[in-house]
Amino acid sequence: MIEVPEQWASAVRAATQSGCPLRIRGGGTKDFYGHNCDGELLDTRAYAGIVDYEPSELVVTARCGTRLAELELVLAASGQMLAFEPPHFGADATVGGMVAAGLSGPRRQAAGALRDYVLGVKILDGNADILAFGGQVMKNVAGYDVSRLMAGSLGTLGIILEVSLKTQPVPVAQATLRFDLPEEKAVALLNRWHGRPLPVSASVWHDGDLSVRLSGAAAAVKAAVASLGGERMDDEQATHLWTSIREHTTPFFRVDVPLWRLSVPSSLPVDAIGLDRHGERLIEWGGALRWVAGHVDGRVLREAVAEVGGHATLFRGLDKTSGVFQALPPALMGIHRNIKSAFDPHGIFNAGRMYPGL
Amino acid sequence: MRAEPINFIRQAEVVGRLLAVLPREAVLYQSEDTRPYECDGLSAYRQVPMIVALPADEAEVQAVLRICHTLQVPVVARGAGTGLSGGALPMGDGVLLSLAKMKSILAVDPVACVARVQPGVRNIAISEAAAPYGLYYAPDPSSQIACTIGGNVAENSGGVHCLKYGLTVHNVLRVRGLGVTGEIIELGSEALDAPGYDLLALVIGSEGMLAITTEVTVRLIPKPEVARCIMASFDDVEKAGNAVADVIGAGIIPAGLEMMDRPATRAVEEFVHAGYDLDAAALLLCESDGTAEEVEEEIARMSGVLRRSGATGIRISASEAERLKFWAGRKAAFPAVGRISPDYYCMDGTIPRKRLGEILRFIAAMESKYGLRCPNVFHAGDGNLHPLILFDANNPDELERTERFAGEVLEKCIAVGGTITGEHGVGIEKINQMCMQFSASELALFRRVKQAFDADGLLNPGKNIPTLHRCAEYGRMHVKGGQMPHGDLPRF
């Protein structure tokens with residue numbers, strides 16, 4: 001039997017010959033994200049399974065087609081987790097798709113992003129070569145950090161065959177507190193707490209309601225609950241809240257209006273860029289992630305966000321003609337094109353999914 | 001290594017152009033002025049640069065780069081010159097671009113918890129500037145009193161606390177820099193992510209080969225209220241290695257987890273009198289930080305695990321002074337070893353923690369094979385080894401034996417699934433071993449990445465990524481996945 005990566009290498013060679021690009025796809029749970037791209041479907045679920053997992057090494061290695069839910073179950077059985085809390089957006093989400101999308105969930109501000117936990121990758125590049133970068137060790141500075149480059153590359157640089165991720169122990173204790181606070185006060189408070197040694201692991205504000213999750217040693221969580229005030233949420237309700245924020249299943253994330261994802265400095269005042277004039281808002285990551293739902297003028301929004309050092313993504317929306325991702329300055333776009341052709345000289349991987357021509 | 005002679009006609013041409021954009025004192029070319037730059041922290045390799053340029057701001061860096069690009073002169077960037085792999089080794093036909101004059105802390109924002117600094121700012125100066133706000137910059141390489149943030153970005157520097165707090169790549173939000181033609185590029189942002197490819201991750205650790213850093217925004221984090229350290233003794237190094245896995249397996253991420261073997265503790269104890277247990281075959285330093293309650297809870301859990309793992313003695317720091325004393329020994333390990341030997345060679349391989357016992361036995365075998373001593377200090381928590389081979393450069397063949405010793409240990413690191421460098425970088429030192437860690441097509445991809453930024457190959461050429469020709473000359477095969485060529489042959 002021919003191994004799956006070998007079959008895919010043949011598919012890459014065939015695509016190079018025919019000029020018909022490949023559309024790399026796992027469970028299809030993030031099809032909505034990025035631009036549509038045409039091409040022959042390459043379903044990564046054909047290559048699945050956990051290759052190696054040793055809890056005491058804090059590393060798990062899995063094939064691209066492994067279901068994310070399955071991976072998380074295996075980690076949980078050893079009291080570990082993916083600290084960046086990746087969104088699944090559906091039961092079929094795969095590990096490869098997670099890395100390619102590069103999205104992180106509620107714990108991002110406290111624990112770091114997906115890219116911070118990528119230790120190594122094995123990829124199939126546009127020359128049909130199988131290449132390995134990084135590895136299974138925490139510290140590795142041999143060569144350029146190609147592994148992290150794969151995170152969020154939307155499959156435009158190659159087929160991620162295998163990835164090694166750093167795992168973390170599940171916190172011993174957890175508690176969620178709730179506060180009635182207007183937007184401005186909530187953002188100010190979150191920033192103040194961020195500068196103090198508090199075990200805040202997630203936050204969400206919406207419509208006058210701030211929820212803050214504390215995670216860590218039992219004593220630390222207990223002390224923080226006592227000092228921060230607010231109303232303690234029932235544990236089951238809290239678990240449901242954080243899952244629904246991560247998975248975009250709360251009513252705010254309804255699908256009938258465009259959803260904008262604004263990544264901004266956490267301390268940005270609410271009225272600084274006229275955000276309060278745009279649609280409905282939901283705030284995460286201590287103020288650093290602001291979701292806007294509504295029909296807004298993307299061009300005006302992007303200019304305003306760029307002005308304060310952030311960027312705006314049209315996360316969900318039917319009309320993507322103004323671009324999904326914030327445009328890059330010409331010098332950076334030039335490097336992006338060069339990087340793309342370094343990995344994918346014939347332009348066969350997920351053509352145009354991130355930017356036109358990439 | 002044979003030093004390259006300076007071409008004085010070329011030198012005069014480039015100096016003439018540089019003097020039009022830089023003040024006279026910022027362009028050095030007389031050998032008595034350029035000599036101090038002939039090496040970095042890896043002094044076995046030396047080369048006097050054709051010219052040293054000392055720009056004072058980004059506009060001057062840009063002017064230098066434009067001239068060098070026009071005249072096709074290679075450029076090697078340098079911070080404090082503390083690097084241990086020769087990453088800042090100058091070129092005889094190149095400009096050594098020192099960023100030491102750009103040492104302003106531009107802003108500390110205690111609300112957003114970030115600091116914006118120039119590349120020549122020393123690592124520790126950032127934490128000092130943030131201290132009044134109860135914040136600090138987490139990565140703390142041992143050289144932190146001298147090394148610069150620009151150099152840290154180039155090398156993706158670590159330190160003794162990276163298991164919990166990460167490396168440079170986890171703590172830098174944004175790098176502003178100049179491409180080879182002098183164009184300004186901004187990677188990352190002061191938000192938590194940026195659109196497009198993660199070029200920030202690519203540039204961090206790229207050893208000055210992709211861009212020249214002119215400004216860095218770092219993340220500051222709240223200084224833990226309390227830190228306490230356990231010093232645990234073991235009568236066997238392998239038991240100590242297993243204890244490390246047991247601590248982590250118990251769901252604890254210590255703030256620091258270091259190991260030293262007996263030869264290392266003996267050298268250190270004579271030097272700093274840290275109160276180390278000299279009878280122990282290995283010592284573990286295991287630190288907890290956080291709130292007072294958190295630390296108390298964690299220290300109790302860690303002590304329990306260490307005892308069950310066979311620690312023969314446990315001491316817990318009773319005061320901040322005592323904690324710093326425990327660490328003073330570890331942080332002084334390199335200079336302490338420098339006192340007991342005319343020269344020493346510091347290695348930097350990383351291995352999966354579970355292979356620690358195996359690698360230590362291998363190193364012991366190499367000590368007999370090459371007739372050289374080798375104390376070991378080890379960032380045990382993240383599997384990063386620093387064996388220190390002791391030698392005397394005045395004995396004709398000792399450097400050569402040392403390099404062969406080191407080469408074998410690095411090959412062993414690759415064979416057990418690790419890497420040839422955890423935090424010191426490849427530079428010029430480990431360039432041959434790159435041929436073993438990576439296949440020809442992987443190295444080719446690295447070269448294409450380099451070209452994506454620097455088509456003419458002018459930024460720090462010859463470091464980090466070997467040419468195919470070099471690998472052919474080195475004559476060693478690529479190994480991966482634990483498969484050494486002819487793995488059945490005895491190798492020591």
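# Close-up views of a predicted model

**View 1. A hairpin in chain B.** In this predicted model, β5(B) and β6(B) form a hairpin with four residues between them. Within the turn, B:Cys113 has a positive phi of about 60°. Strand β5 covers residues 105–109 of chain B and strand β6 covers residues 114–117. The two strands pair in the antiparallel sense, over four bridges. One residue to look for is B:Ile105, whose bridge partner in β6(B) is B:Val117. In a regular strand, side chains alternate between the two faces of the sheet.

**View 2. The pairing of β6(B) with β10(B).** Strand β6(B) also pairs with strand β10 of chain B, which runs over residues 212–219. The sense is antiparallel, and there are four bridges. B:Arg116 stands opposite B:Thr217, a residue of β10(B). B:Arg116 also belongs to a network of salt bridges that share partners. The network is made up of B:Glu58, B:Arg116, B:Arg174, B:Arg176, B:Glu186, B:Glu190 and B:Glu215.

**View 3. The disulfide of chain B.** A disulfide is a covalent bond between the sulfur atoms of two cysteines. The structure holds one, counted over all chains. The disulfide joins B:Cys435 to B:Cys471, with an S to S distance of 2.1 Å. The angle about the S-S bond is -85°, and the link of B:Cys435 and B:Cys471 is left-handed. B:Cys435 lies in helix α16 (residues 431–437) of chain B and B:Cys471 in helix α18 (residues 468–474) of chain B, so the bond ties together parts that are 36 residues apart in sequence. Both B:Cys435 and B:Cys471 are buried.

**View 4. Two cysteines of chain B and their closest cysteine sulfurs.** A disulfide needs the two sulfur atoms within 2.5 Å. B:Cys374 counts as buried because its relative accessibility is 2%. For B:Cys413, the closest cysteine sulfur is in B:Cys374, at 11 Å, again too far for a bond. B:Cys413 has 1% relative accessibility and so counts as buried.

**View 5. An aromatic pair in chain A.** Over all chains, the count comes to 20 aromatic pairs. A pair of aromatic rings is described by the distance of the centres and the angle of the planes. For A:Phe179 and A:Trp193 the ring centres are 5.5 Å apart and the planes are at 55°, so the pair is tilted. A:Phe179 is in strand β10 (residues 173–180) of chain A, while A:Trp193 is in helix α7 (residues 183–194) of chain A, so the pair ties together parts 14 residues apart in sequence. A:Phe179 and A:Trp193 are both buried.

**View 6. A ring cluster in chain A, and charges over rings.** Ring pairs link a set of aromatic residues into a cluster. Its members are A:Phe32, A:Tyr33, A:Phe89, A:Phe252, A:Phe253, A:Trp291, A:Phe315, A:Phe325 and A:Tyr355. The ring of A:Phe89 also has the charged end of A:Arg316 sitting over it, 5.5 Å from the ring centre. In chain B, the charged end of B:Lys223 sits over the ring of B:Tyr136, 5.0 Å from its centre.

**View 7. A salt bridge between distant parts of chain A.** The structure holds 48 salt bridges over all chains. In one of them, A:Arg213 is joined to A:Glu85, with the closest N and O atoms 2.8 Å apart. A:Arg213 is in strand β12 (residues 209–216) of chain A, and A:Glu85 is in the loop between β5 (80–81) and α3 (95–101) of chain A. The two residues are 128 residues apart, so the pair links distant parts of the chain. Are these residues buried or exposed? A:Arg213 is buried at 3% relative accessibility, and A:Glu85 is buried at 11%.

**View 8. Two salt bridges in chain B.** The side chains of B:Glu38 and B:Arg35 meet in a salt bridge, 3.2 Å from N to O. B:Glu38 is buried, with a relative accessible area of 13%, whereas B:Arg35 is partly exposed, at 44%. A salt bridge also forms between B:Glu322 and B:Arg315, where the closest N and O atoms are 3.0 Å apart. Here B:Glu322 counts as partly exposed at 22% relative accessibility, and B:Arg315 counts as partly exposed at 36%.

Note on methods
Residues are numbered from 1 along each chain as its sequence is written. Chains are lettered from A and ligands numbered from 1 in the order in which they are written. This is a predicted model: local features need pLDDT of at least 70, side-chain atom pairs count only at pLDDT 80 or more; totals for chains, interfaces and linings use all residues. Side-chain values use heavy atoms; hydrogens and water are left out. Two strands pair if DSSP finds at least two bridges between them. Buried means under 20% relative accessible area, exposed over 50%, partly exposed in between (1.4 Å probe, protein chains only). Rings of Phe, Tyr and Trp (its six-membered ring) pair if their centres lie within 6.5 Å; planes under 30 degrees apart count as stacked, over 60 as edge-to-face and the rest as tilted. A charge sits over a ring if NZ of Lys or CZ of Arg is within 6 Å of the ring centre and within 35 degrees of the ring normal. A salt bridge is a side-chain nitrogen of Lys or Arg within 4 Å of a carboxyl oxygen of Asp or Glu.
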